[in-house]
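Q: I have this one open and have not looked at it before. Can we go through it piece by piece?

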Amino acid sequence: MKFNSVFDIIGPVMIGPSSSHTAGACRIGAVARSVFNEMPMQVDIHLYGSFAKTYKGHGTDVALIGGLLGFETDDERMPDAITLAKEWGMHINFIEELEEAAHPNTVKLVLKNGMQQTTLVGASIGGGKIEIVRLNEFELEFTGMSPAVLVLHKDQFGAIAAVSGIFAKHEINIGQMKVSRKVKGDEALMVLEVDQRVEQVVLDEIKELPDIYQVASFIL
């Protein structure tokens, strides 16, 4: 792995003990919370590899829940995240998986509220950095290193151009875009990494486009 600064090695300001097992885990939880757009009442947490073996001792369980509650990596409430989550009505189930994942610090989060459900798979790759590799049935390559916007929409002609046009109107530069779909004409997903934080007015304008199912933004 190539490191650009000392913070790539020691990680961000955080509640310890490990940038990989706590800061990275918190950020994966935070992305899941942003996509789900509210606090889930039921969370199934599937842990793989090193996460499955050491999550209690290294505080990965606490960090994941802290992220789902919207806590920053250095939030003083982090040590009490699981207790607070239960007090606020969140039901949590930790599952230690035996199968191997592509990265040893991998977690699958299944968030539920009634009939609403979102599944997100991410890995903590060191120094607090993360990689989101799956959202529901969509394969991703999202790192969270730049502000990003996720748009779930109907797969149809003009959707990508319409969203890109809104970004251009607001003078927001798109650094990278990944698009994918399940089946032609069914649901499709855009992940756009941009050069600046996207204001709510822009997100609301995207939501008003035809056949947009979900819009989420995150900056870590």
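Q: Which residue forms a salt bridge with lysine 207?
A: Aspartate 204 does, and the closest N and O atoms are 4.0 Å apart. Bear in mind that this is a predicted model.

Q: Where do lysine 207 and aspartate 204 sit?
A: Both are in helix 7, three residues apart, which separates them by about one helical turn. Lysine 207 is partly exposed, with a relative accessible area of 40%, and aspartate 204 is also partly exposed, at 33%.

Q: Which residues of helix 7 are buried?
A: Val202, Leu203 and Ile206 are buried there. They cover an arc of only 100° around the axis, so they are on the same side of helix 7.

Q: What covers the buried residues of helix 7?
A: The cover includes strand 7 (148-154), helix 6 (159-169) and strand 10.

Q: Back to charges. How many salt bridges are there?
A: The count comes to eight salt bridges. One of them joins lysine 112 to aspartate 44, with 3.2 Å between the closest N and O atoms. Lysine 112 lies in strand 3 (residues 105-113) and aspartate 44 in strand 1, so this pair ties together parts that are 68 residues apart in sequence.

Q: Is aspartate 44 buried or exposed?
A: Aspartate 44 is buried, with a relative accessible area of 12%.

Q: What about lysine 182, which side chain does it meet in a salt bridge?
A: Lysine 182 meets glutamate 137, at 3.1 Å from N to O. Lysine 182 is in the loop between strand 8 and strand 9, while glutamate 137 is in the loop between strand 5 (129-135) and strand 6, and the two are 45 residues apart. Glutamate 137 is exposed, with a relative accessible area of 51%, whereas lysine 182 is partly exposed at 36%.

Q: And which residues are linked with Lys182 in a network of salt bridges?
A: Glu137 and Glu187 are linked with Lys182 in that network.

Q: What is aspartate 186 in contact with, leaving aside its neighbours within four places in sequence?
A: Aspartate 186 is in contact with His153, Lys154 and Asp155. Aspartate 186 lies in the loop between strand 8 (174-181) and strand 9 (187-194), and it is partly exposed, with a relative accessible area of 36%.

Q: Now a buried charge. How far is aspartate 61 from the nearest side chain of opposite charge?
A: That side chain is lysine 56, which is 6.8 Å away. Aspartate 61 is buried yet has no salt bridge. A salt bridge here needs the nitrogen and oxygen within 4 Å. Aspartate 61 lies in helix 4 (residues 60-68).

Q: What does aspartate 61 touch, not counting residues up to four places away in sequence?
A: Aspartate 61 touches Tyr55, Lys56, Ile82 and Phe94.

Q: How many aromatic pairs does the structure hold?
A: The structure holds two. In one of them, the rings of tyrosine 55 and phenylalanine 94 have their centres 5.5 Å apart and their planes at 25°, so the pair is stacked. Tyrosine 55 is in the loop between helix 3 (49-54) and helix 4, phenylalanine 94 is in strand 2 (residues 91-96), and they are 39 residues apart. Tyrosine 55 is buried, at 5% relative accessible area, and phenylalanine 94 is partly exposed, at 25%.
A: The rings of phenylalanine 142 and phenylalanine 218 also pair, with centres 4.9 Å apart and planes at 50°, so this pair is tilted. Phenylalanine 142 is in strand 6 (residues 138-142) and phenylalanine 218 in strand 10, 76 residues apart.

Q: Which residues touch the most other members in the largest nonpolar core?
A: Ile65, Leu69 and Leu109 do, in a core of 44 residues. Helix 2 gives this core its largest share, seven residues. Apart from it lies another core of 15 residues, including Val149, Val163, Phe167 and Val215.

Terms used: Residues are numbered from 1 along each chain as its sequence is written. This is a predicted model: local features need pLDDT of at least 70, side-chain atom pairs count only at pLDDT 80 or more; totals for chains, interfaces and linings use all residues. Side-chain values use heavy atoms; hydrogens and water are left out. Helices (H or I, at least four residues) and strands (E, at least two) are DSSP runs, numbered from the N terminus. Buried means under 20% relative accessible area, exposed over 50%, partly exposed in between (1.4 Å probe, protein chains only). Lys and Arg count as positive and Asp and Glu as negative; His and the chain ends are not counted. Contact means heavy atoms within 4.5 Å. Rings of Phe, Tyr and Trp (its six-membered ring) pair if their centres lie within 6.5 Å; planes under 30 degrees apart count as stacked, over 60 as edge-to-face and the rest as tilted. A nonpolar core is a set of buried Ala, Val, Leu, Ile, Met, Phe, Trp, Tyr and Cys residues joined through side-chain atoms within 4.5 Å. The arc is that of the directions from the helix axis to the C-beta atoms.
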